[in-house]
Amino acid sequence: MVELKIGQEVEMEYGGKAKVLKVIGSGGQGTVYLVEFNGMKWALKWYDINKIKKPKDFRNNIQNNINDGAPSNKFLWPRYLTKENADGTFGYLMELKPASFDSFVDILNTYKIVVDPVTGRATKQTVRFTSLYAMVTAVINIVNAFRQLHRAGKSYQDLNDGGFFINVDTGAVLVCDCDNIAPDGSNFGIGGKPGYMAPEIVRGVAKPNVQTDKYSLAVVLFKFLFRGDPMEGEKVVKDICLTESSELRHYGQNAVFVYDPNNASNRPVRGIHDNVIKFWRLYPDYIKEAFINSFTTGIMDPSKRIIENEWQKLFIRLRSEIIQCGCGRTNFTSMFIKENDKYRCPKCGMEFSTLGFSNRDYRMPLYIGCKFYQCEIDPDSDDFISVAGELVENKLKANVIGIKDCSEKTWKVKMPDGAFYDIGPGKGFPIWNGLEIDFGEIKAQI
Amino acid sequence: MSNTINNDNIEKEENSTAAAVEDADLDSDLLDFDDDDPLSATSVSKKSLVIFFLIDTSGSMRGTKMGELNTVMEELIPEIRRVGEADTEVKLAVLTFSTNVSWMYSTPVNIEEFEWTRLRADGVTSMGAAFKELALRMSRNGFLNSPSLSFAPVIFLMTDGYPSDDYKEGLKALEANSWYKFGLKAALGIGNEANDDMLAEFTGTKDTVVHAYSGGQLAQMIKIVAVTASQIGSKSMTLSDESNKEIDDEDVYAAKQKLLGQQIQEYVNNSDEVETVSFDTGW
């Protein structure tokens with residue numbers, strides 16, 4: 001193992017030296033170190049050159065990616081290459097992840113191990129999203145990151161649960177391990193991680209590309225929401241031991257989705273796949289159908305896989321269908337009783353009015369604190385982070401509930417007197433039974 | 001060649017894998033408030049991997065060898081604690097053999113909770129008895145009783161001498177065990193007495209047999225083998241073939257064992273020469 005030593009200095013391509021401080025982690029292709037370069041701390045990925053098939057091409061590709069720059073600020077993108085050692089070994093620097101981000105692996109495990117720097121004692125610390133809003137926002141962010149990458153004409157190639165850092169309070173996402181990203185159609189040897197690889201890669205008939213990324217993305221999203229493996233059910237568990245040939249069968253030749261409506265041979269097993277069984281019943285049909293499509297018709301026909309833009313729309317809808325009930329229950333509208341245009345909490349009986357938008361066939365439940373976003377009132381906007389409107393209580397008149405214009409535009413709003421008034425940024429208006437809002441191209445009404 | 005493990009060591013439990021098919025009974029779903037929080041997930045379901053260490057604790061291991069081995073294992077375990085990531089639950093089982101064979105803990109222990117108990121060396125080398133004991137425990141009723149899916153185990157043998165009992169008989173018992181057959185096998189010979197040919201009988205291939213002649217090498221080899229073996233199957237892999245031809249069972253047969261052999265050989269050939277006093281000098 002050609003490992004770097006603590007305190008060792010690594011020469012950078014364009015001068016200067018990075019000093020190795022400690023090991024951060026290791027992956028299939030090398031080790032990541034904390035280093036100091038130009039007075040700043042960076043992460044250095046240092047390759048185990050034996051594991052790289054075509055080191056020269058691989059290095060050139062990273063150089064190209066550095067030159068192109070990241071598709072957006074959601075990527076911990078390669079920044080500087082090191083010089084090559086005599087044996088061809090090299091690495092690259094990238095920014096460190098902020099401390100407020102946890103790895104997706106820790107989220108799936110529901111805890112992280114924190115080692116006390118003084119005593120060396122390891123303790124478990126819970127990692128979970130602090131709100132359902134943050135959780136769904138994180139999913140939207142993941143999908144959006146890959147949309148941006150694919151729009152830049154590149155594919156990630158090794159999409160798996162190790163590739164993300166997530167802020168569990170806000171849902172912000174950082175995509176890491178960007179070193180296998182390559183122009184669509186190129187591959188520098190990486191195959192992917194078992195369980196995440198598209199069946200055609202497992203079978204040996206395709207190499208990673210944008211279409212196989214879409215399969216891996218669906219696996220990541222399934223793991224994220226349902227906390228289990230989409231292809232591991234009764235049929236797979238029956239094998240007891242996952243040998244190479246059973247892996248080839250269950251993830252390649254004969255991969256069967258656990259909730260394939262036309263093939264019940266691989267359903268989740270109680271006692272093993274409890275998360276999947278539990279969460280499958282919570283989610284609305286349009287989410288379940290997207291996964292069914294991805295993992296049934298999408299298995300054999302890569303062109304039928306859900307595209308990122310479609311996922312993004314579905315998850316933006318999912319976020320707008322969250323209800324935080326006064327009784328403390330927070331869930332999707334699919335878990336509330338629908339009565340005409342209203343939702344009722346089955347636990348406490350509280351009723352929720354809904355707002356209908358002219359460009360969607362579903363209605364958004366209204367409760368104090370619910371929000372809609374810029375992309376939901378402007379068809380040209382891709383901004384799902386900036387809040388456009390929020391349901392709030394009037395600060396001066398208790399018990400009067402209204403919508404605050406948090407956007408930068410003026411809306412036309414129909415008031416109880418039947419007339420339309422201009423509502424500018426920072427202003428608000430009460431909700432009432434005949435409420436109509438004109439956002440411009442999109443309109444909404446109660 | 002059979003696709004699944006189906007010899008006597010593994011009993012299929014029909015009842016335990018009965019599928020729990022969920023009927024969409026909406027009303028009862030809506031009313032089950034105790035378990036409907038989208039945020040309250042338990043840890044993602046994992047596949048199980050047991051790493052077996054078979055360690056020679058006979059008298060000849062006394063001194064530097066045992067000291068090095070204890071130290072490197074103490075250091076290694078925290079280092080590879082997260083090796084299973086979110087996909088695999090990794091457990092360790094340590095079988096020591098000298099005049100008697102004994103397990104460090106009575107069942108495999110999760111790597112996150114595993115604490116190394118320092119071993120002492122004494123007695124003769126009952127390797128055959130160790131093989132028999134391993135064959136006995138590597139079963140669904142024994143140490144491989146995870147209800148979920150398992151990976152074939154990793155079995156890592158470390159010894160510094162020649163067996164003092166009939167190892168061939170023990171090996172025969174192992175060879176009848178499917179977990180052994182599909183398992184990833186590696187061996188480390190320590191010092192001049194250890195016989196690599198004999199170790200290759202255990203691993204089935206020379207590629208996963210390594211040798212250490214000094215304390216520094218011992219630490220390095222244990223690390224190389226343990227880390228590499230525990231990562232195979234769970235880390236991203238490079239494409240094995242350029243031909244773009246449909247892979248069949250033949251192609252993947254013992255693929256992980258071959259890959260382990262390749263990777264170990266690459267590391268061994270690239271490892272720096274560690275200048276320390278050989279095990280056989282300075283006594």
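I began with L54(B) and listed its contacts, setting aside residues up to four places away in sequence. L54(B) touches L95(B), F97(B), A130(B), L134(B), I155(B), F156(B), L157(B) and M158(B); two residues are in contact if their C-beta atoms, placed from the backbone, lie within 7 Å.

I noted that this is a predicted model, in which local features need pLDDT of at least 70 and side-chain atom pairs count only at pLDDT 80 or more, while totals for chains, interfaces and linings use all residues. Residues are numbered from 1 along each chain as its sequence is written, and chains are lettered from A in the order in which they are written.

I then looked up the nonpolar cores (sets of buried Ala, Val, Leu, Ile, Met, Phe, Trp, Tyr and Cys residues joined through C-beta atoms within 7 Å; buried means 20 or more other C-beta atoms within 10 Å of a residue's own). The largest has 174 residues, and F52(B), L54(B), F156(B) and V225(B) have the most contacts inside it. Helix α3 (residues 132-151) of chain A gives this core its largest share, 11 residues; helices are DSSP runs of H or I, at least four residues, and strands runs of E, at least two, numbered from the N terminus. Another core, of 13 residues, lies apart from it and includes W411(A) and L435(A).

I turned last to where the chains meet. Chain A brings 73 residues to the contact and chain B 60. On the side of chain B that touches chain A, α9(B) gives the most, with 5 residues. Strand β15 (residues 241-242) of chain A and β5(B) run parallel, joined by 2 bridges; strands pair if DSSP finds at least two bridges between them. There, C241(A) stands opposite S150(B).

Conventions. A residue is buried if 20 or more other C-beta atoms lie within 10 Å of its own, exposed if 12 or fewer, and partly exposed in between; C-beta atoms are placed from the backbone.
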